[in-house]
Amino acid sequence: MFSVRRRGLARLAAATAVTGLVAAGAIAVAGPAVADEAPQGTGGATATLGDLKIYDTVKIKGREKGISAGLFEMKVTPGGTIQTYCIDLYTGAKTGEEYKEVGWDQSSLHDNQDAGKIRWILQNSYPQVNDLAALASKVGAKKLTEKTAAAATQAAIWHFSDNVEAMPVNKEAKKLTEYLEKEAKNLEEPKASLSLSPSSVAGKAGERLGPITVSTNAEKASVSLAPGAAAGVKIVDKDGKVVTEAANGAQLFLDVPAGTADGAAEIDVKADTTVPIGRAFVSTRVKSQTLILAGTSTSTVSAKASATWAKKGPIPAVSAEKNCAKGGLDITASNEGDEDFAFELQGKKYTIAAGKSETVTIPVAEDQAYDFTITGPNGFEKNFKGVLDCKTATPGPLPSETPSTSPSPATAGGSTTGNTTGGDLAETGSSNATPMIAGIAVVLVVLGGGAVFFLRRKKAMGQ
């Protein structure tokens, strides 16, 4: 028997119906469990949302009351702090929730033609420009404070992220917003702080499994095997030299000695670096406001990749990635074995020949939490989880117009202190009325000589 780990989801709503996913073909793996507990993606910074720390009041055209707007503080796991602005006005921000660094293609910026202008604003305003006297002089303002500059910057960002007319109530801060909107130019998307591609490889014992390419803005990253790897298995470069550090562009291989029992291992890569300004951050477990990086300290970022090997039969490697353009999850299955790997997805059958790879997109509803767990014999396990958050929320009531179930800062009239006690930060998004669609569990269970995928709706649990 192989178990399926059940995880509670934040809210209960209707899930998009997705049919079963069935695969045939033996997957013989042994050794340590390979559990990808990281949020969906191939690496980067993971951070916990804190309070709205530096903010002032902004008015949205057509809305009677003002809202608090400015910089959130986030704590990076395991170390470092970052500051972020909102790029999703009508969605509530939930303090204490985990966020993951992603590329624009996996966020609401994926189809935003002005995404590069938002990055320009971040580079040319507070907190990246922290000489507020010089910034005020440049835009023709008499004085800017941290609070008014943050509010002005957020207002300009909302103009391009949510297509709204927003202005700070402070008259001098309005000049900064107007300047930023007028002068903004499209800049290129920033690179990831750290990523591995692909995140899953497979092969036979006696071979080098890979390559896995490292992409990072750090000078170097540490490379290690997760505990429990089989004796003799090691991480090497293309020449077979053992690797403990890697730079940008390095290729990693897993050297599995001939005769090693069928099994699996995980590669851990970590780096201390600054996450590039303009990287998007999305919630990993529940629907919460999408954010964009504005300020950062040196932080520890990480990435993982797994490898599986067997003596014979189909030897698949399976990975998943958000595909915002198609509105779903790309499931990529490759086969490094010597027999066909066949599976059925949503009523359609696929056969991956030995040495081939294919990607299938599973439709997932917007704002839907998903939780994919792939398990096999001898403790093999790989998990993918997250929330498909690819669109800015449809305009609706702002928090000052909708009751909130948790404390939040004042939403109108001048500066406030920024103290919050957790829960939805309704001043920069919607209330608890935002729907959370129930997640999906996808399980790979090995039954004798066959592998079977099951796609099931998960039962949601309230917060």
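Biologist: How many salt bridges does the count come to in this structure?

Modeller: The model is a predicted one, and in it the count comes to 15 salt bridges.

Biologist: What makes the contact of Asp 114 and Lys 117 a salt bridge?

Modeller: The N to O distance between the two side chains is 3.7 Å, and the cut-off asks for a Lys or Arg nitrogen within 4 Å of a carboxyl oxygen of Asp or Glu, so the pair of Asp 114 and Lys 117 qualifies as a salt bridge.

Biologist: Why are Asp 114 and Lys 117 called partly exposed, rather than buried or exposed?

Modeller: Asp 114 has a relative accessibility of 26% and Lys 117 one of 23%; buried means under 20% and exposed over 50%, so Asp 114 and Lys 117 both fall in between and count as partly exposed.

Biologist: How do you know that Glu 189 and Arg 279 form a salt bridge, and which parts of the chain does the pair tie together?

Modeller: Their closest N and O atoms are 3.8 Å apart, and because the limit is 4 Å, the contact of Glu 189 and Arg 279 counts as a salt bridge. Glu 189 lies in the loop between α4 and β8, and Arg 279 in the loop between β15 and β16, so the pair ties together parts that are 90 residues apart in sequence.

Biologist: Why is the link of Cys 324 and Cys 390 called a disulfide?

Modeller: The sulfur atoms are 2.1 Å apart, and a disulfide requires them within 2.5 Å, so the link of Cys 324 and Cys 390 meets the rule. By this rule the count comes to one disulfide. The link is left-handed, with -70° about the S-S bond, and both of its cysteines, Cys 324 and Cys 390, are buried.

Biologist: What makes Cys 86 a buried residue?

Modeller: The relative accessible area of Cys 86 is 0%, under the 20% limit, so Cys 86 is buried.

Biologist: How do you know that strand β4 pairs with strand β17?

Modeller: β4 (residues 81–86) and β17 share five bridges in the antiparallel sense, and at least two are needed, so β4 and β17 count as paired. Tyr 85 stands opposite Ile 292 in β17. Strand β16 (residues 280–283) also pairs with β17, over two bridges, with Phe 281 opposite Leu 291. β17 itself is mostly covered, five of its six residues being buried.

Biologist: Which residues touch the most other members of the largest nonpolar core?

Modeller: In this core of 87 residues they are Tyr 85, Trp 158, Leu 252 and Leu 254. Helix α3 (residues 146–161) gives the most to this core, with nine residues.

Methods:
Residues are numbered from 1 along each chain as its sequence is written. This is a predicted model: local features need pLDDT of at least 70, side-chain atom pairs count only at pLDDT 80 or more; totals for chains, interfaces and linings use all residues. Side-chain values use heavy atoms; hydrogens and water are left out. A nonpolar core is a set of buried Ala, Val, Leu, Ile, Met, Phe, Trp, Tyr and Cys residues joined through side-chain atoms within 4.5 Å. Buried means under 20% relative accessible area, exposed over 50%, partly exposed in between (1.4 Å probe, protein chains only). Helices (H or I, at least four residues) and strands (E, at least two) are DSSP runs, numbered from the N terminus.
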